[in-house]
Amino acid sequence: MSALVPRGVIPAMLTAFNRDETLDIGGTKAFAEWLIERGVHGLALCGSTGEGAAMTDVERAQVIKAVVEQAAGRVPVFAGIIHYATQQAIALSKAAIDAGADGLMVLLPFYYQPTINDAIDYLRDISAAIGQPIMVYNNPWFAGYELSPVQIKSLVEEGVVHHVKSAHGDPMRVNYLKYLCGDSLSVLYGHDYAPLEAFVAGAGGWLSGIPNIIPKLSVELFEAVSAEKDLRRAQDVWRKMAPIAYYFMYERPGDNPAPHWLQVFKEALRMMGMDIGLPRRPTYSMSMSERDLLHSYLTQVYPDISAEPV
């Protein structure tokens, strides 16, 4: 497994399931190919959007192996590690490496919310077990807390962390991480609402859910800022993407918005002709009125999709 630097648009890739909720390996590989054909720079598997917490470790390894085979070296594949116990996380990390993952994206130990010092040791132990640095998945919404920029800087200096998915949503976190760590840390913006601002702040990429449904526009946005240094073009691209981001932020308000974002992603793909099934229960399907509203926003991004939600 190479210690490469993740960069560009890396969808937090969804996992395909059959109607009986078993893994659909063929559908997952087909979806990986669909994303690669649309120019994404990498794939992140079995994280939050990939429903890693809803799968067994054996299933996660199967998904990683299948997508690695499909990618065939064209883009790097990063495996999500979501566990509380250190030994379980190490076992899954080793299984991910054996399955061919190019890197690991490790969520801070969740549920019990250990002390920060214990969480930092958790990351140290995983890095030591696989013999290379990791990407820390710094997500306060799912872990219940996050590491500060100074704490991440310390782990970078130790050689434990070389990359971070900054999932809070505030692009200012990119600013501070780059200020403290410079080029020694690759910072990926990890939320759906402010990728333009994050790229301008110096994020090396975007690893989140929305690129699953607008991969080409996501790549265009990144290239406009990173390669072309053209802010006006980036603003034009963002305006094309804005309806779907607006839908997520303002049409699903509150602390526990409905429909669930996993339902939205999979329903949007189905409307676009890429059916990868429903999420595993308890998150399931959307109502007709919810689908109609999503469709009204999706057609603003993709005017050529069916006039009626399918």
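A salt bridge here is a side-chain nitrogen of Lys or Arg within 4 Å of a carboxyl oxygen of Asp or Glu. By that rule, Lys 29, Lys 65 and Glu 69 are linked in a network of salt bridges, and the count for the structure comes to 18 salt bridges. Welcome to this predicted model, in which local features need pLDDT of at least 70, side-chain atom pairs count only at pLDDT 80 or more, and totals for chains, interfaces and linings use all residues. Residues are numbered from 1 along each chain as its sequence is written, and side-chain values use heavy atoms, with hydrogens and water left out.

**Overall build**

- The chain has 12 helices and 8 strands; helices (H or I, at least four residues) and strands (E, at least two) are DSSP runs, numbered from the N terminus.
- The radius of gyration is 18 Å, close to the 19 Å that the globule rule gives for 310 residues, so the chain is as compact as a globular protein of that length.
- That radius is taken over C-alpha atoms, and the globule rule is 2.2 Å times the number of residues to the power 0.38.
- Along its principal axes, the C-alpha trace spans about 55 × 45 × 40 Å.
- Of the 310 residues, 55% count as buried; buried means under 20% relative accessible area, exposed over 50%, and partly exposed in between (1.4 Å probe, protein chains only).

- The 8 strands form an open sheet with parallel pairing, in the order 1-8-7-6-5-4-3-2.
- At the edges are strand 1 (8–9) and strand 2 (43–45), each of which pairs on one side only.
- Two strands are said to pair if DSSP finds at least two bridges between them.
- Strands of a sheet pair through backbone hydrogen bonds, either parallel or antiparallel.

**A closer look at strand 6**

- Strand 6 (residues 161–166) pairs with strand 5 (residues 134–138) in the parallel sense, over 5 bridges.
- Between these two strands, Val 136 has Val 164 in strand 6 as its bridge partner, and Tyr 137 stands opposite Lys 165 in strand 6.
- Strand 6 is also joined to strand 7 (residues 186–189) by 4 bridges, and these two strands run parallel.
- Ser 166 has Tyr 189 in strand 7 as its bridge partner.
- Strand 6 is mostly covered, with 5 of its 6 residues buried.

**Salt bridges, pair by pair**

- Side chains of opposite charge can pair when their charged atoms come close.
- Asp 121 is partly exposed because its relative accessibility is 33%, and Arg 124 is partly exposed at 31%.
- Another salt bridge joins Arg 233 and Glu 220, with the closest N and O atoms 3.6 Å apart.
- This pair links distant parts of the chain: Arg 233 is in helix 10 (residues 231–250) and Glu 220 is in helix 9 (residues 215–226), 13 residues apart.
- Arg 233 is partly exposed, with a relative accessible area of 29%, and Glu 220 is partly exposed too, at 27%.
- The side chains of Arg 270 and Glu 267 also meet in a salt bridge (2.7 Å, N to O).
- Because they are 3 residues apart in helix 11 (residues 261–271), Arg 270 and Glu 267 are separated by about one helical turn.
- Arg 270 is partly exposed at 25% relative accessible area, whereas Glu 267 counts as buried at 6%.

**A surface patch**

- Tyr 84, Tyr 111 and Tyr 112 form a nonpolar patch on the surface, with about 410 Å² of accessible area together.
- Patches are made of residues with over 30% relative accessible area and no salt bridge; like charges are joined within 9 Å, and nonpolar side chains (Val, Leu, Ile, Met, Phe, Trp, Tyr) within 5 Å.
- Accessible areas come from the Shrake-Rupley method with a 1.4 Å probe, and for residues only the protein chains shown count as cover.
- Tyr 111 is found in the loop between strand 4 (103–107) and helix 4 (116–130), and it is exposed, with a relative accessible area of 66%.

**Cysteines**

- The structure holds 0 disulfides, a disulfide being a pair of cysteine sulfur atoms within 2.5 Å.
- Cys 46 is buried at 0% relative accessible area, and Cys 181 is buried at 9%.
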